[in-house]
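Subject: Structure handover and notes

Dear colleague,

Here is the structure for your files. My notes on what turned up in it follow below.

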Amino acid sequence: MADRPLTIALLGPLRIERDGTAVRELTSAQSRALLTCLILADAPVERGRLCGLFWPDVPEVRARLSLRVALTRLRAALPGRIHADRHTAAFVAQTDDDVDTRAVRPVLEALAASAGPPPDGDAIQAAMDRLRGPLAAGLDGAATDDFRAWLTVRRSDWAALVTAALARMAKANTALGCGVPQAPLEADKAVANAPVRLAGEPDPSTPSPALSDLSAGGGWMVEALRRNPVAEPLSRRLMLDLARQGDHAAALAEHARLAAALGTQLGLHPDGATEALRDRIVTAHARGRRHNLLEAPADVASFDVDTGTTGAMVRLAAWLVESDRRLISLIGATGPVRSRLARDAALLAVNSLLDGVLWVPRWEGAADKPIALRLASALGQLDGAVPPVERIGDCLASFERLLVIDGIDEEPGAVEVLARWLEAAPMSRWLVLSAAPLGFFFEHRFPLAD
């Protein structure tokens with residue numbers, strides 16, 4: 001005879017209910033951890049694997065006996081759900097059971113998919129409503145180091161899925177979207193490092209203004225972080241978006257909030273990628289100026305309506321913020337229309353790049369002004385000091401910038417120099433104004449005639 005339906009919540013503290021009443025038979029932390037392992041596996045798990053996770057330091061015979069006893073207790077508490085044979089054990093939900101991870105995952109996967117329509121708004125909202133906190137919160141002190149390491153990987157996978165789903169939603173609902181370049185991986189910072197506080201940055205013990213301010217706009221990232229404050233990949237994405245908008249103080253306040261939440265809830269510190277992003281934001285704030293474009297942003301509604309280039313500007317700007325388009329050649333005859341199109345598209349995209357936009361203008365006497373000297377001069381405008389030509393690659397390497405180079409095809413050897421800079425600056429993106437394609441196999445060509 002089938003047992004009554006169960007409601008099992010793993011997103012947040014483990015909760016098991018039958019007809020709205022908590023199932024209290026599973027009081028042992030180890031039993032709850034074992035059940036969590038079986039549910040998240042979503043497939044039969046070998047008994048040897050379970051013994052290794054929960055009884056790694058005892059002889060195999062004793063470990064298998066302990067597993068047998070634990071499975072018996074689970075069967076008694078949850079009739080019909082624990083299926084086991086001599087080799088494996090599994091959690092098998094009944095038709096009417098409601099397991100939050102299994103209900104939410106298909107919605108997030110559909111939302112994160114690169115093709116096809118996303119789920120409807122009600123389904124998305126229902127999924128977000130079930131993100132109550134970290135996956136299997138409260139089980140970190142259960143069982144063994146091996147189980148905790150296994151759980152850490154599952155939490156990371158889950159956080160990555162949520163982040164991918166929200167990233168696609170943000171791209172679908174934003175006019176230009178924004179790429180998500182990977183923060184450089186570094187070793188974890190020492191705990192003793194003193195925090196950097198910007199003027200006006202709130203105390204980390206208070207709620208981050210980033211969360212309250214953006215939640216009014218319906219941000220999915222903010223809502224998910226409210227429900228799961230220690231979703232570190234998602235918090236890192238929010239930091240990056242805030243920094244790209246120029247709000248460095250709010251980005252660092254979000255870092256402080258995350259660090260406090262990780263320490264309080266999990267006893268952890270932000271990982272190396274998060275600390276590296278924080279350092280980049282501090283550096284960007286110290287630099288101040290984020291572009292050397294001289295013209296004010298164009299009025300998109302009135303820009304060159306007669307020539308039909310308004311749509312081209314918006315489309316080009318959309319290309320510039322796609323992280324997989326590292327090199328775009330704007331192909332067309334030299335003239336004010338081509339330069340204006342490039343400048344105004346770059347201005348539209350400037351907030352999607354943490355380290356801003358660098359404009360390298362054409363020079364009427366290109367032979368007298370090599371591209372390296374032009375780029376060094378432009379770097380001096382943006383960073384306050386003109387670097388030696390031989391150090392240009394080093395100056396570009398650690399920045400996420402869009403570099404706009406006009407007139408590159410008018411100078412012999414400039415394309416070969418560009419190839420070296422592309423290799424030296426993997427985080428940079430390039431918009432090159434040229435009369436013809438440059439010939440790179442990864443080049444994205446944007447003909448001016450479009």
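In which loop does aspartate 42 lie? Aspartate 42 is in the loop between α1 (29-41) and β4 (45-46). Please keep in mind throughout that this is a predicted model.

Backbone

Most residues other than glycine have a negative phi. Aspartate 42 is not a glycine, yet its phi is positive, at about 55 degrees. With a relative accessible area of 52%, aspartate 42 is exposed, because the cut-off for that class is over 50%.

Alanine 136 also has a positive phi, near 55 degrees, and is likewise a residue other than glycine. Alanine 136 belongs to the loop between α5 (121-129) and α6. Is alanine 136 buried or exposed? The relative accessibility of alanine 136 is 0%, so it counts as buried.

Aromatic residues

The whole structure was searched for aromatic pairs, and seven were found. In one of them, tryptophan 319 and phenylalanine 446 have ring centres 5.0 Å apart and planes at 90 degrees, so this pair is edge-to-face. The pair links distant parts of the chain: tryptophan 319 belongs to helix α12 (residues 310-320) and phenylalanine 446 to strand β12 (residues 444-447), and the two are 127 residues apart. Phenylalanine 446 counts as buried, at 1% relative accessibility.

Tryptophan 421 and tryptophan 430 also form an aromatic pair, and this one is stacked, with 6.3 Å from centre to centre and 10 degrees between the planes. Both partners are on the buried side of the cut-off: tryptophan 421 has a relative accessible area of 7%, and tryptophan 430 has a relative accessibility of 0%.

Ring pairs also join Phe54, Trp55, Phe147 and Trp150 into a cluster.

Which ring does the charged end of arginine 325 sit over? That ring belongs to tryptophan 319, and the charged end is 4.0 Å from the ring centre.

Cavities

How many cavities of 30 Å³ or more does a search of the whole structure find? The search finds two.

The largest cavity holds about 60 Å³ of space. Its lining is made up of Leu11, Leu131, Gly133, Trp158, Ala159, Val162, Ala224, Asn228, Ala231 and Leu234. Sorted by class, these are eight nonpolar residues, two polar residues and no charged residues. Helix α6 (residues 145-172) gives the most to this lining, with three residues.

The second largest cavity has a volume of about 40 Å³. The residues lining it are Ala284, Arg287, Gly288, Arg289, Arg290, Leu354 and Asp355. Here the classes are two nonpolar, one polar and four charged.

Cysteines

How many disulfides does the structure hold? The count is zero. As for individual cysteines, cysteine 51 is buried, with a relative accessible area of 8%. Cysteine 395, at 17% relative accessibility, counts as buried too, because the cut-off is under 20%.

Positions far apart in sequence

Aspartate 241 is part of helix α9 (residues 232-244). Its relative accessible area is 10%, which places aspartate 241 among the buried residues. Along the chain, aspartate 241 and asparagine 351 are 110 residues apart, while their C-alpha atoms are separated by 8.6 Å.

Proline 370 lies in the loop between β9 (357-360) and α14 (371-383). Proline 370 is partly exposed, at 32% relative accessible area. From proline 370 to glycine 413 there are 43 residues in sequence and 9.3 Å in space, C-alpha to C-alpha.

Kind regards

Methods:
Residues are numbered from 1 along each chain as its sequence is written. This is a predicted model: local features need pLDDT of at least 70, side-chain atom pairs count only at pLDDT 80 or more; totals for chains, interfaces and linings use all residues. Side-chain values use heavy atoms; hydrogens and water are left out. A disulfide is a pair of cysteine sulfur atoms within 2.5 Å. Buried means under 20% relative accessible area, exposed over 50%, partly exposed in between (1.4 Å probe, protein chains only). On a 1 Å grid over the protein atoms alone, a cavity is a set of points where a 1.4 Å probe fits but cannot get out, and a pocket is an open set with protein on both sides within 12 Å along at least five of seven lines; lining residues have an atom within 4 Å of a point. Grid points are joined across faces, edges and corners, and a volume is the space filled by probe spheres set on the points. Helices (H or I, at least four residues) and strands (E, at least two) are DSSP runs, numbered from the N terminus. Ala, Val, Leu, Ile, Met, Phe, Trp, Tyr, Cys and Pro count as nonpolar, Asp, Glu, Lys and Arg as charged, and the others, Gly among them, as polar. Rings of Phe, Tyr and Trp (its six-membered ring) pair if their centres lie within 6.5 Å; planes under 30 degrees apart count as stacked, over 60 as edge-to-face and the rest as tilted. A charge sits over a ring if NZ of Lys or CZ of Arg is within 6 Å of the ring centre and within 35 degrees of the ring normal.
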